[in-house]
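User: I'm new to this structure and would like to learn how to read its salt bridges. Could you walk me through them?

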Amino acid sequence: MKTAFIFGGSGYIAYFLVNRFIETNRFAKVILLDIKEPKYFKKLPKSVEFVFCDVRNQINLDIINDSEESWIFNFAAIHREPGHERKEYFDTNLNGAENINEFAENNKINNIFFTSSIAPYGKSKEECNENSLIYAETPYGISKGLAEKIHQIWLAKNNSRRLIIVRPSVIYGPHDPGNIYRTIKALKKGSFMLPDGGNIIKAYGYVYGLVDSILFTMEKNQSLILYNYAENPILNLKDLTTAIKEEFEYKKPTFSVPVSFLVFISGVLQIGFKLIGKKSDIHPVRVRKAAFPTNIKPNYLIENGFDFKYGLRESLKHWKTIAPEDFK
């Protein structure tokens, strides 16, 4: 029975990928492995099973793989920055890769798909493609870069194995309260501030496009694929906010503010919220990240003829059609 083993299977990307697997009958069975039960499914489909699994520990599960076409998807990660102790990123992201490799070997599974990140590229004002050197600076970026190498060591041990690594940019879409959605809500309220005029590239990827790319690369006959995922082309931050306002007919003005001022205000807010015993998502670290370019080009997909269906405006139209409740 061809099976998809999805570690980190209760997460956002896994939900959309599983739905596509069901639509296309790609796998006879899907097993979601996570420390939390799936929150995006109201009810698990018949072909989908949830199994508790902590990838930080050795994976000893009574699961039998009986197909050479089965796949492992490693989506398990500690990723929010800031939000965790430094060691937590390494405990999960490195141990997870090692333990998943061992699980693959023990169950004779020769296909692994690993979701990495653009964080290993580090801070770069230049355009980054798959051939760019990596200069990871944060615990998250360093741990993801090392996890890529751990999976590549597994690949090198057997010529019949396949490994696909995707480095996704900021992913957004229905029911995800991430950066793009927060930007949309702030533009609606008139509270969004453009850092230094917004003349920077902040790469983004629509979740449906990312899922398309996963299936696209799985169909390729290559033992190792490492690719970036971002929409192509992408807009700079100023043009992105303009497109959102036009698409949703928001009329409130958007002002340009120096990054240094935004960092100062976010620091004051952090202190204020702490004094009253509450937390704020507006953090100086996140403000600095939002103001720094992430100019990521998906060269592999471009060169191999991938169909980028979801430019920003197209993705917003699609999003409004399938999840209008997000914008009430």
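User: Is K320 buried, partly exposed or exposed, and which residue does its side chain meet in a salt bridge?

Analyst: K320 counts as partly exposed at 27% relative accessibility (buried means under 20% relative accessible area, exposed over 50%, partly exposed in between, with a 1.4 Å probe and protein chains only). Its side chain meets that of E247 in a salt bridge, 3.1 Å from N to O. E247 lies in helix 6 (residues 237–248) and K320 in helix 10 (residues 312–322), so the pair ties together parts 73 residues apart in sequence. E247 counts as buried, at 15%. Helices (H or I, at least four residues) and strands (E, at least two) are DSSP runs numbered from the N terminus.

This is a predicted model: local features need pLDDT of at least 70, side-chain atom pairs count only at pLDDT 80 or more, and totals for chains, interfaces and linings use all residues. Residues are numbered from 1 along each chain as its sequence is written, and side-chain values use heavy atoms, leaving out hydrogens and water.

User: What counts as a salt bridge, and how many are there?

Analyst: Side chains of opposite charge can pair when their charged atoms come close. The rule asks for a side-chain nitrogen of Lys or Arg within 4 Å of a carboxyl oxygen of Asp or Glu. That gives 13 salt bridges.

User: Where do K87 and D91 lie?

Analyst: Both lie in helix 2 (residues 86–106), four residues apart, about one turn of the helix. K87 is exposed at 53%, while D91 is partly exposed at 26%.
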